[in-house]
Amino acid sequence: MTLAAVLCCAMTTTTTLTSCSIEDNPAPVTDYKPFTYDSEIDNSVRPGDDFYKYALGQWLNSSNPSPSIFQQIQNETTELFKNMLETSNDAVMVTLRSQVDQTLNDDSKNKALLGERLQMLEQVTTADQIYSAFTNLQTLGYSPLFRLIPDAKDGKMCINVICTGGMSTEVLSYIARGQKQQLDSVITAYCSQLSNFGFSQERIAQITEHAIYLENIEMSLYNPYLEMLRRPQEMTFLHRAPSQEDDQKLQAIMKMMGFTDKDFADDTWAVSNNGIMTLMLQFADIVEQPDIDLLRDYMIYNVLAQDLPFVPSIKKNATRNGMLNSALQYNKYYQYRLLTESYGYDNICKQQCQDIMEQMRQNFIRRVNKLDWMGAATKAEACKKAEAMKFYIGYPDQWNDKLTPQPQSDFLLATVTELRQNAVQTISSVRGKSTDECGWDMWAGMAQFTTDNAFYMPSSNSLVILPAWITKPRYNNDLSDATVYAVTTTFGHEFCHGFDADGAKYDENGNYRNWWQPADQAAFEAKQQIMIDLYNQLEVIPGLMADGQNTLGENMADYGGQELALECYKQRLTEQGFKGAQFDEQIKKFFLSYAQVWKEETELYPALLEYYRDHDNHSAAHNRVNGMMRLQDDWYRLYGVKPTDKLYLAPENRVKIW
């Protein structure tokens, strides 16, 4: 059987890759599939001084560097999505295209509907009217100030702060990066368009001031949701407010958002962190004269910002593709389904990935049972958690047709409103359900599925791997297996988030529970400190040291992911008959491929590296590679790393965790 046939076996069986018998795999002694990643090696750099520059030096030093895999995927996904918008025969897409074309010729109905909504808000003068208007906007699918997110553990509804829903990627990036000047400029530009709806310059100035005020409050509390879920200090769900008075205020707000008395009685609501609770209480406090103007004006801006892309006679840079994209972005589950179909199910290596994940699970359990620093009771808990972890890979086995929107409106903005409302219904449909009951339906409310990503959710002990991560060009079975298994380090990375400094505080059911014996906890924390110290020795840019404490969780996940992927690859090579020098040559390819996984454009811009050092809990790409190499005994042996090399660590200092 050829190696291609072996890979086919791996993709079609439900057991692990190691289940294919050796008899079915005649042992090749060469890796006949292409390996191109040695073309970027810079032999002027010693691997032991800077493995990242050694592996990628030709790219880093190029005056016109080729796009990284990240950039390639972004470009290809953008093109794929654009093509889907233009050619899909899906009934909703056909309707949207027709209505966009109508809008480009005559957007008067869209403009009239937007004007009607703005004037409805402009008439608000009392607290009761504010609550009623806010409820109206929630019902129409807007997200003024807050939005509901299903808690991945048991379907409870979580209040999550979010900037204006439906805003552009540019605006979201300003909020995520804390770029106040750019954000304020965009808000001002949006509000200036209110002159087209009869607002005076004086009123526009007031609305702009109020919108900037509240959007800046949100910016100060912004935290990417998936990262927040990985940090227990930021996600301890507050099922009750600090005082009875505060609790009553919060319940009033949540009733505006569509909560019922039953929700409160069943305790099926939550606030995701203290910062969001602070904002909600502030919101409640200012629903009184004279601050009622603040909330009314913010909602005016919110509606304008979301609906203006569908009024091309005002938003002059509106395009056909842009309107289609904006219309679809509100309904993530449906968008994800269309995009997955565009990838083509045969191109998404779902079963192969599932097999490797199961192999990693069993390898992890075996490794835990062999640890010399952990006692039997803690080992049993760790293994129980590993066994219970749920994998959501690629796409659901069965799409939920009940979540497919069926808009009935005859013009664009009304149809977009229906898509928003359908998205709200999708989120509401999982209320009170466990992850096991609703699975992929739940993820629809909390993740951007059009990205090249994977993530772990501690509150449900679940791991999600999205299609872009397991299709070409990233996951490419046409290349050497070394490149495929290097990509799987990211799968192991997410798996090991369940056992990093934060994830290890959750049990197999996603409960925040200490399952560690005291002596084992102390040993675990000692190993974390070693990891912190090792990364504090690395530079982000010359003269600026890395922050090992801030990046600890991600570094621990990188370590575990590489350990698990490398072990799986070694098992694969042994299965194929590789031995001795030929075996070693494949491991060297794996390390070069690992550097390629973290080939990122940010490495070309020192200012960005400096910015992310202070605003991101991931290490810089070069440190994700160099930091890991320092811990791999094979790397020292295969690349002849010496004590005089900059990255050298004595064997006793190479921290071993899992």
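**Contacts, core and pocket**

Modeller: This is a predicted model. Leaving aside its neighbours within four places in sequence, Thr-340 is in contact with Tyr-345, Ile-348, Tyr-395, Trp-399 and Pro-467.

Biologist: Is Thr-340 buried or exposed?

Modeller: Thr-340 belongs to helix 16, which spans residues 332-343. Its relative accessible area is 0%, and the cut-off for a buried residue is under 20%. Thr-340 is therefore buried.

Biologist: How many residues does the largest nonpolar core have?

Modeller: In soluble globular proteins, nonpolar side chains tend to be buried together. Here, buried residues make up 59% of the 658 residues in the protein chain. Phe-51, Met-357, Ile-465, Phe-491, Phe-495, Phe-591 and Trp-658 have the most contacts inside the largest nonpolar core, and its residues number 182.

Biologist: Which helix gives the most to this core?

Modeller: The chain has 29 helices and eight strands. The greatest contribution to the core is ten residues, and it comes from residues 292-307, helix 14.

Biologist: How many residues are in the second, separate core?

Modeller: Val-540, Ile-541, Leu-609 and Ala-620 are included in this second core.

Biologist: Which tryptophan is in contact with Trp-658 besides Trp-373?

Modeller: Neighbours within four places in sequence are left aside here. The contacts of Trp-658 include Phe-364, Arg-367, Val-368, Leu-371, Met-374, Phe-499, Phe-524, Tyr-559 and Glu-563.

Biologist: Which helix gives the most to the lining of the second largest pocket?

Modeller: This pocket holds about 650 Å³ of space. At least two lining residues each come from helix 2 (51-60), strand 7 (539-541), helix 27 (606-615) and helix 28 (621-629). With four residues, the element that gives the most is helix 2.

Biologist: How many residues of that lining are charged?

Modeller: The second largest pocket is lined by 24 residues, and Asp-50, Lys-53, Glu-539, Pro-542 and His-622 lie nearest its centre. Ten of the lining residues are nonpolar and six are polar. The number of charged residues is eight.

Key. Residues are numbered from 1 along each chain as its sequence is written. This is a predicted model: local features need pLDDT of at least 70, side-chain atom pairs count only at pLDDT 80 or more; totals for chains, interfaces and linings use all residues. Side-chain values use heavy atoms; hydrogens and water are left out. Buried means under 20% relative accessible area, exposed over 50%, partly exposed in between (1.4 Å probe, protein chains only). Contact means heavy atoms within 4.5 Å. A nonpolar core is a set of buried Ala, Val, Leu, Ile, Met, Phe, Trp, Tyr and Cys residues joined through side-chain atoms within 4.5 Å. On a 1 Å grid over the protein atoms alone, a cavity is a set of points where a 1.4 Å probe fits but cannot get out, and a pocket is an open set with protein on both sides within 12 Å along at least five of seven lines; lining residues have an atom within 4 Å of a point. Grid points are joined across faces, edges and corners, and a volume is the space filled by probe spheres set on the points. Ala, Val, Leu, Ile, Met, Phe, Trp, Tyr, Cys and Pro count as nonpolar, Asp, Glu, Lys and Arg as charged, and the others, Gly among them, as polar.
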